[in-house]
Amino acid sequence: GVLSHLEMLEAQAHELALKQEETEQQEEKLDRLKARVQELRLQRDELRAKVDLQQKRLLGKEGVVTSGVPGAAQPSDRAILEWKVKSVQAMLQVFYLTGISGKLTKHGVCFCISTAYEGTYLDSYHLDLITKPEVQIRRHSVPVFIPLEQLAKKYLQTDIRRFLSALSDHLNAYAGRRYQADQLQERFSDRLEGTLQRNSLCNMLVFNYNMSGKKQTFPFSAKLLYGDLCRSLPTEAIVSCTPGAPASLAERTAAHSDVFRRLALHKAFESFSSPEESLD
């Protein structure tokens, strides 16, 4: 019995070492991706600054032409149109670095907002805008539960860049929350009691679970609330034990709540299945 127990401990230690190595590799990859994101953001900011400078120069040139002589004619419609086209093209180049691409149409501009979570491409949403006589949304594929109208009312007429950036934040956060819920159901269905409950926006998740998947009982209940709709991690995680659960399990609820707030949902369950957690 002692030898078999030692062999089991050695096997668990080996498995733990492999998982730690895998975790370290994932952390290194994540650090590289974060550095790349920071680099792209810097490039985006530089491009935005160049676009702003170019617009000021173009406006300055038009001002020189029209203000040099009293009563001079105003810029032609063609000149104004060419300036707007150049401005839109420069803006499209800026947004391409942030997952937002677009093309000019006969009505105005059609944008495509691509979503991803931790390097995994998810979905794309389209937004067709009319630019004359004022900027309006012609059609779109944005889900109805995303606050598109509120964002448009707040930013569309005054700052289209901020409008697209805010809309992208909402869509990426929603896609990230949905991706985590899907991953949990696909990879850890044996640890869930029934189906995970979620609303359309995936900003509230409710489920009962165990840690090993080897037992038929599900002593833990979790309710995850996402108060910030631009985030893919919960702002509040309420974890409790079912009545009659051992005190040793009840003591873990606070730790589980902390893990849910810090890690993606499927990664939280991966941490629950580590040899250390099982031995405890």
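**Sheet and helix packing**

Four strands form an open sheet in the order S5-S6-S7-S8, with antiparallel pairing. Two strands count as paired if DSSP finds at least two bridges between them. Helices (H or I, at least four residues) and strands (E, at least two) are DSSP runs, numbered from the N terminus. The model is predicted: local features need pLDDT of at least 70, side-chain atom pairs count only at pLDDT 80 or more, and totals for chains, interfaces and linings use all residues. Residues are numbered from 1 along each chain as its sequence is written, and side-chain values use heavy atoms, with hydrogens and water left out.

Strand S5 (197-198) and strand S8 (236-241) are the edge strands, each pairing on one side only. S8 pairs with strand S7 (residues 220-225) in the antiparallel sense over 6 bridges. Leu 224 has Ala 237 in S8 as its bridge partner. Helix H6 (residues 253-262) packs on the sheet and touches strand S6 (204-209), S7 and S8; contact means heavy atoms within 4.5 Å. The direction of H6 makes about 150° with that of S8. Axes are lines fitted to C-alpha atoms, for helices over the stretch in contact, and angles run from 0 to 180 degrees between N-to-C directions. Helix H7 (residues 265-272) also packs on the sheet, touching S6 and S7, and its direction makes about 20° with that of S6.

Helix H3 (residues 148-156) packs against helix H4 (residues 160-187) at an angle of about 155°, with their axes 8 Å apart. H3 is therefore roughly antiparallel to H4 (angles over 145 degrees count as such). Residues in this contact include Leu 148 and Tyr 155 of H3 and Phe 163 and His 170 of H4.

Conventions
Parallel < 35°, antiparallel > 145°, perpendicular 65-115°, else oblique.
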